[in-house]
Amino acid sequence: MPRPAPAQLAYGGLAVVASTLALLLVSGARSGPGVLVVATVALALGVAVALAVPAARPAPARRTARGSAAAPRAARSGTARSAGRQVPQTSLHR
């Protein structure tokens, strides 16, 4: 089973919190069973929202004439280049 994307987790969590607050305000539930029902409905709504958000899919690898996946140009050359200039790389070592 694929892992959920960060956007799915964020939207689902936001839906749970927002729907819980809205349902508690609208229903006026004050008893334990009433709050439990509201929380269950809000959790189900949050899961539905998280599943409705499309998951990010990695781009398919390009194929070369030989049939193998092509490596990105920066990875083949060993240096990262941007618009003809070398991008400065910082080091954690002094």
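**Before you click.** The model is predicted, so-called local features need pLDDT of at least 70, side-chain atom pairs count only at pLDDT 80 or more, and totals for chains, interfaces and linings use all residues. Residues are numbered from 1 along each chain as its sequence is written, and side-chain values use heavy atoms, leaving out hydrogens and water.

**Select the whole chain.** Colour by secondary structure and look for 3 helices and 2 strands, taken as DSSP runs numbered from the N terminus (helices H or I, at least four residues; strands E, at least two). Along the sequence they follow the pattern α-α-α-β-β. Of the 94 residues, 11% are buried (under 20% relative accessible area, 1.4 Å probe, protein chains only).

**Next, select residues 6–27 and 32–52.** These are helix 1 and helix 2, packed at an angle of about 150 degrees with axes 8 Å apart (axes are lines fitted to C-alpha atoms over the stretch in contact; angles run from 0 to 180 degrees between N-to-C directions). That angle makes helix 1 roughly antiparallel to helix 2 (over 145 degrees).

**Finally, show the side chains between them.** Where do the two helices meet? Helix 1 contributes residues including Tyr11, Ala15, Ser19 and Leu23, while helix 2 contributes, among them, Val38, Ala42, Leu45 and Val49; contact means heavy atoms within 4.5 Å. The contact residues divide into 13 nonpolar, 6 polar and no charged, with Gly counted as polar and Ala, Val, Leu, Ile, Met, Phe, Trp, Tyr, Cys and Pro as nonpolar.

Notes
Parallel < 35°, antiparallel > 145°, perpendicular 65-115°, else oblique. Buried < 20%, exposed > 50% of the residue type's maximum accessible area, 1.4 Å probe, protein only.
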